[in-house]
Amino acid sequence: ALPILLFLFSLGHALEHYAMGRAKRAIEALSKLAPRTAMVRQSDGSTREVRVEELALGDVLAVKPDERIPADGFVVKGSSAVNQAPVTGESMPVDKRAVMDDDAARANPDRLESAYRVFAGTINGSGALELEVTTTAENNSLARIVAIVEAEQSRKGEAQRLADRIAKPLVPGVMIAATLIAVIGSIFGDPATWFERALVVLVAASPCALAIAVPVSVVAAVGAASKMGVLVKGGAALEALGTIRGVALDKTGTLTRN
């Protein structure tokens, strides 16, 4: 009986980690959307191909039409329509143009309007662009999305925390009670009979259903959502979703704030 109970507890935790891993792998796939190399504009006007990990703040990149943008930055030359769906979910390309003042944009790149900013992994349209890098590969928009998901996955919902609080003292308590029943009963009666009764108590009182119910429900919900293209961060997000009574969407269908 004890090995079966341990197996059930392990299965519950394994299912929970599997569900969270599916969402994490789907999000991490976004980081692969950005190209591995970039064309850096040199002081003499020529370009040199470098790995995106080697890009430094202030580097000027040349992006050809229909290429993926390798880094976050702002446009310093050219204009084009950029497909931002991989990062922002916007269904229509967004027009981009060069900033009016390079120094002012460099001083506050995060406050620039969307018409001037570009993100790693987005797809350039028909126009050639030159952009100045404002973040390293480790801190670009795609990397931040992955980091947020990893941080959120460590959070558990209220139901998960409640199940853990109940199961933590209950499991050793049940095992101690079953052991006492077997030992004390064997002293005053038939050992085989009291050992069997101890096993009955162990199986009946063990919170295996409590330990498995929440992870299984999370797995089912995350799996159903992923089939519809929705990536769920974890149990806490699912519970928060259950309390929502209204959702506001912009004209592109992107949820910008709840």
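Where is T135 found? Select it to begin: T135 sits in the loop between β8 and α4 (141-153). Before going further, note that this is a predicted model, in which local features need pLDDT of at least 70, side-chain atom pairs count only at pLDDT 80 or more, and totals for chains, interfaces and linings use all residues. Residues are numbered from 1 along each chain as its sequence is written, and side-chain values use heavy atoms, with hydrogens and water left out.

**Stop 1: T135 and the whole chain**

Keep T135 selected. Its relative accessibility is 16%, which counts as buried; the scale used here calls a residue buried under 20% relative accessible area, exposed over 50%, and partly exposed in between (1.4 Å probe, protein chains only). Leaving aside residues up to four places away in sequence, T135 touches L57, D72, N140 and R144. Touching, or contact, means heavy atoms within 4.5 Å.

Now zoom out and colour by secondary structure. You will find eight helices and eight strands; these are DSSP runs numbered from the N terminus, with helices (H or I) of at least four residues and strands (E) of at least two. Of the 258 residues in the chain, 34% are buried. Among contacts between residues at least 6 apart in sequence, 66% join residues at least 24 apart. The chain exposes about 15,100 Å², and carbon and sulfur atoms supply 61% of that. Accessible areas come from the Shrake-Rupley method with a 1.4 Å probe; for residues, only the protein chains shown count as cover.

**Stop 2: the nonpolar cores**

Next, select L55, L61, I69 and L131. In the largest nonpolar core, which has 15 residues, these four touch the most other members. A nonpolar core is a set of buried Ala, Val, Leu, Ile, Met, Phe, Trp, Tyr and Cys residues joined through side-chain atoms within 4.5 Å. Strands β1 (37-41), β3 (60-63) and β8 each supply at least two residues of this core, and β8 gives the most, with three. In soluble globular proteins, nonpolar side chains tend to be buried together.

Centre on I69 and show its neighbours. Not counting residues up to four places away in sequence, I69 touches P35, V63, V82, V118, F119, A120, G121, T122 and L131. A second, separate core has six residues, including F74, V76, V99 and A105.

**Stop 3: Q84**

Move to Q84, in the loop between β5 (79-82) and α2 (85-88). Is Q84 buried or exposed? With a relative accessible area of 2%, Q84 is buried. Its side chain makes a polar contact with the side chain of K96 at 2.6 Å. A polar contact is a pair of N or O atoms within 3.5 Å; within protein, one must be able to donate a hydrogen and the other to accept it, and residues adjacent in sequence count only if both atoms are side-chain atoms. Beyond four places in sequence, the residues that Q84 touches are G89, E90, V94, K96, R117, F119 and T122.

**Stop 4: salt bridges**

Show the charged side chains now. How many salt bridges are there? The count comes to seven, where a salt bridge is a side-chain nitrogen of Lys or Arg within 4 Å of a carboxyl oxygen of Asp or Glu.

D103 and R106 form a salt bridge, their closest N and O atoms being 2.7 Å apart. Both lie in helix α3 (residues 102-107), three residues apart, so about one helical turn separates them. D103 is exposed at 54% relative accessible area, while R106 is partly exposed at 40%. R106 also meets E132 in a salt bridge (2.5 Å, N to O). E132 lies in strand β8 (residues 129-133) and R106 in helix α3, so this pair ties together parts that are 26 residues apart in sequence. E132 counts as buried, at 5% relative accessibility.

Then select R36, R51 and E53, which are linked in a network of salt bridges. Between R51 and E53, the closest N and O atoms are 3.4 Å apart. R51 is partly exposed at 44% relative accessibility, and E53 is partly exposed at 34%.

**Stop 5: a nonpolar surface patch**

Finish on the surface with I176, L180, V183, I184, I187 and F188. Together they form a nonpolar patch with about 660 Å² of accessible area. Patches are made of residues with over 30% relative accessible area and no salt bridge: like charges are joined within 9 Å, nonpolar side chains (Val, Leu, Ile, Met, Phe, Trp, Tyr) within 5 Å. Pick out I187, in helix α5 (residues 158-188); I187 is exposed, with a relative accessible area of 61%.
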